[in-house]
Amino acid sequence: MPQGDRVTDIEGGYAAARLRLLHEEAQAGPRLRAELARLTDGWLGGLLGRTRGVALVAVGGYGRGELSPRSDLDVLLLHDGTADASATAALADRVWYPVWDMGLDLDHSVRTPAEARKTAASDLKVHLGLLDARHLAGDPALTAALRTTAYEDWRAQAPGRLPELREMCEDRARRQGELRFLLEPDLKEARGGLRDATALRAVAASWLADAPREGLEEARNLLLDARDALHLATGRASDRLTLQEQHQVATALGLPDADALLRRVYEAARTVSYAADVTWREVGRVLRARSGRARLRRILGGRGGRGGFVEPERIPLAEGVVEQEGEAVLARTARPERDPVLPLRAAAAAAQAGLPLSPHAARRLAAAGPLPVPWPAEARQQLVTLLGAGEPAVAVWEALEAEGVVARLLPEWEHVRCRPQRNPVHRWTVDRHLVETAVQASALARRVDRPDLLLVAALLHDIGKGRPGDHSEAGEALARAVAARLGFGAADTDVLGTLVRHHLLLAETATRRDLDDPATVRTVTDAVSTAGTLELLHALTEADARATGPAAWNPWRASLVDGLVRRAAAALAGAPLADRRERGAPTAEQERRAAEALGAGGPVVTLAEEPVGVEVLMAVPDRPGVLPAAAGVLALHRLTVRAAELRTVRGVLLLDWRVAAEYGSPPEAARLRNDLVRSLDGSLDVAARLAEREAAYANRRRLAPAPPRVTVAPGGSHAATVLEVRAQDAPGLLHRMGRALDAAGVRVRSAYVSTLGASVVDAFYVTGAEGRALPAEEAAALAAGMQETLGGARWGGTGPATPPATAGRCPQHQTPQDPHRPGPIGHPPGG
């Protein structure tokens with residue numbers, strides 16, 4: 001058979017067999033990868049044919065036999081240099097071109113052993129690939145010599161190469177993030193992914209250190225299985241597990257849903273990350289010890305204790321715990337099986353000293369006996385000490401987690417471990433968020449009389465997540481059970497239950513309700529009956545928000561919560577609550593602004609700088625349409641509204657907006673006034689302008705948002721009806737709300753704006769024409785009508801009562817490449 005026909009036959013047979021394997025028999029897992037590698041080995045070997053002085057070598061992932069459905073082929077054509085260059089090139093073409101013709105990605109090179117060694121010396125990635133070199137076809141002696149040389153060089157150069165490898169891993173982590181905390185993780189590049197698992201193999205090959213083996217291979221296989229399923233689902237060589245593919249990948253792996261998939265992936269990434277932390281710490285210790293021993297030998301002339309060995313110093317930290325070579329380890333006399341408090345004592349001592357807990361020590365601590373119920377006072381105190389250590393507590397907690405100690409101490413922890421949070425405001429999984437909240441709470445411990453209750457509440461406040469019903473209610477029951485088991489008395493257990501049940505109360509109330517309304521303050525005092533509990537809840541609120549992410553806490557939000565706490569504290573101390581309906585006369589400043597607007601016969605607009613953002617003050621002779629016009633003008637100028645206060649004085653509507661400019665500096669007051677005048681007289685069509693902006697970004701949105709919800713808050717106020725609007729953030733949203741309220745003939749007394757990520761929660765205090773709260777039936781009808789308008793209308797138009805497919809968050813907060821990135825605090829008047 002002619003050579004060309006033979007290659008064609010080989011190629012056709014491989015293509016059919018590959019297609020059958022991937023589409024008829026495909027099931028993600030080690031068998032699929034091994035079968036695909038075996039099939040590809042035979043095909044490439046057939047393409048090479050019989051040769052002398054040449055070897056075809058698989059390197060990298062293909063060298064390890066881990067060939068995913070869309071992985072590229074890393075292949076090296078190794079030759080001894082005796083053949084003519086043109087003949088070698090022709091031989092390479094005979095292998096490379098059929099691969100390209102198949103549409104497969106190929107990472108190829110042609111080198112002599114000396115060239116391969118020289119390239120590896122200058123390129124760390126090449127050297128790492130050669131450590132996995134595997135013979136495919138040709139002269140096996142060439143491949144064997146290459147592997148031997150690669151390993152000898154790697155071990156000889158390890159003191160210089162391993163720090164370079166570590167820096168490469170850290171740089172990749174900075175760019176890609178931590179896999180186990182990402183909603184759309186890169187299975188290969190993110191920290192804790194397949195690249196890190198490969199790096200650990202390279203460290204082990206250096207013989208300087210080795211990674212903890214427990215669960216590591218299973219974790220790596222799980223990540224490989226997920227990548228296989230992703231390749232099969234998308235038909236692309238993609239390593240990023242995007243939201244739209246997660247359910248399909250979960251189904252392929254036999255998991256019930258996308259959340260179950262993420263939990264498994266996160267657990268695997270946690271195992272790899274922890275192994276990496278331990279391994280790189282050991283590498284650093286070994287390299288420092290080598291350097292230190294060399295200096296000591298020079299000083300002592302070769303003498304260094306018994307046979308040149310210098311015993312490391314051991315410094316006591318706590319009973320049964322000592323420091324050795326930068327780690328907390330167990331003392332030689334420690335007996336975990338006889339000392340059930342030792343795991344908490346060792347963890348607390350390590351965290352307080354700012355030291356990692358040795359993996360060997362953590363493994364031994366897993367053998368400790370169970371704590372009696374209720375816990376002895378020392379165990380409870382050691383837990384509080386651990387949580388109060390701040391940032392060092394995170395690594396210690398991770399070490400206990402890796403050995404299953406945490407789940408044994410707190411069985412409720414298992415339900416939140418590695419549980420994803422799909423709200424993009426959250427930067428952590430539930431379990432890590434709880435630990436991070438304790439870290440934040442430790443910095444606030446001196447603000448409260450009972451820091452122990454604050455720290456335990458921080459650790460437990462979201463323990464109910466993932467269970468049926470409201471997570472705060474479920475969490476309260478769990479927290480009470482845990483508190484009793486930990487040995488807290490009945491009164492302290494009640495406080496912890498209250499803190500967990502109401503950990504969202506202050507933030508939600510302060511940002512969505514009128515702080516001057518007595519009903520708002522009573523919402524807090526009815527839930528929190530003592531000043532001490534209020535103090536703890538205040539600190540917990542701040543710690544929780546700070547641990548959530550940058551979008552959850554800022555000076556503006558802090559000032560609102562502080563104001564609410566001050567009012568509630570005064571009420572608990574016995575100060576009378578003034579009724580909003582009996583609020584005093586307008587201030588002199590408000591009277592002046594009203595008079596100025598009446599004298600001008602039109603709007604008066606001023607700007608005032610604030611510590612955070614800008615205050616825009618508008619005084620407009622009252623008439624229908626003022627609120628939507630003002631909100632629309634702010635939206636057109638891309639001003640993010642954080643709060644709004646409205647009041648009528650002598651026939652003039654006073655609007656105080658707290659805003660921040662999306663880009664650059666805010667516009668001048670004169671420009672805002674001119675646009676407001678034009679909007680009121682109809683010469684500026686705000687709705688049309690906002691619609692044009694939306695149309696420009698419509699094609700960038702991929703996901704339809706959930707429909708908005710408008711509800712009447714029961715008991716929200718005695719003087720007004722409180723409408724709460726929950727919707728997807730969008731440009732001009734507040735403008736549309738204002739138009740809906742204006743059309744309904746109600747008066748807006750005040751509005752409170754809150755945005756977290758892509759969602760907004762706005763509260764409107766509205767009254768009828770006579771200035772009183774609406775009857776229940778009218779309020780319900782208003783909420784239903786407003787919900788229909790917001791759900792069906794495009795920006796300023798009309799349409800069916802379903803959310804527009806393109807209604808995503810504000811386009812200025814979104815890029816086509818990352819539609820899930822959390823937005824800023826607040827939203828344009830509307831957004």
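**Reading a predicted model, term by term**

Student: Why does Arg650 count as exposed?

Tutor: Arg650 has 51% relative accessibility. Exposed means over 50% relative accessible area, buried means under 20%, and partly exposed is in between (1.4 Å probe, protein chains only), so Arg650 counts as exposed. Bear in mind that this is a predicted model, where local features need pLDDT of at least 70, side-chain atom pairs count only at pLDDT 80 or more, and totals for chains, interfaces and linings use all residues. Residues are numbered from 1 along each chain as its sequence is written, and side-chain values use heavy atoms, with hydrogens and water left out.

Student: Where does Arg650 sit, and what is its phi?

Tutor: Arg650 is in the loop between strand S10 (639–649) and strand S11 (652–661). Its phi is near 50 degrees, a positive value in a residue other than glycine. Arg638, in the loop between helix H28 (626–636) and S10, also has a positive phi, about 55 degrees. By the way, helices (H or I, at least four residues) and strands (E, at least two) are DSSP runs numbered from the N terminus.

Student: How do you know whether strand S1 is enclosed or open?

Tutor: Go by burial: five of the five residues of S1 (residues 54–58) are buried, so S1 is largely enclosed by the rest of the structure. Both faces are covered, with Val54, Leu56 and Ala58 on one side and Ala55 and Val57 on the other.

Student: What makes S1 and S2 a pair?

Tutor: Two strands pair if DSSP finds at least two bridges between them. S1 and S2 (residues 73–79) have five bridges in the antiparallel sense, so they pair. Ala58 stands opposite Val75 there. S1 also pairs with S4 (residues 134–138), antiparallel over four bridges, where Leu56 stands opposite Ala137.

Student: How do you know what span to expect for helix H22?

Tutor: The expected span is 1.5 Å times one less than the number of residues. H22 (residues 490–501) has twelve residues and reaches 16 Å from its first C-alpha to its last, close to the 16 Å expected. Its buried residues, among them Asp492, Leu496 and Val500, pack against helices H20 (451–460), H21 (471–486) and H25 (531–548), with contact meaning heavy atoms within 4.5 Å.

Student: What makes one space a cavity and another a pocket?

Tutor: On a 1 Å grid over the protein atoms alone, a cavity is a set of points where a 1.4 Å probe fits but cannot get out, while a pocket is an open set with protein on both sides within 12 Å along at least five of seven lines; lining residues have an atom within 4 Å of a point. Points are joined across faces, edges and corners, and a volume is the space filled by probe spheres set on them. The second largest cavity has about 50 Å³, and the second largest pocket about 1100 Å³. Of the 42 residues lining that pocket, the closest to its centre are Gly60, Gly61, Asp74, Lys188 and Arg195.
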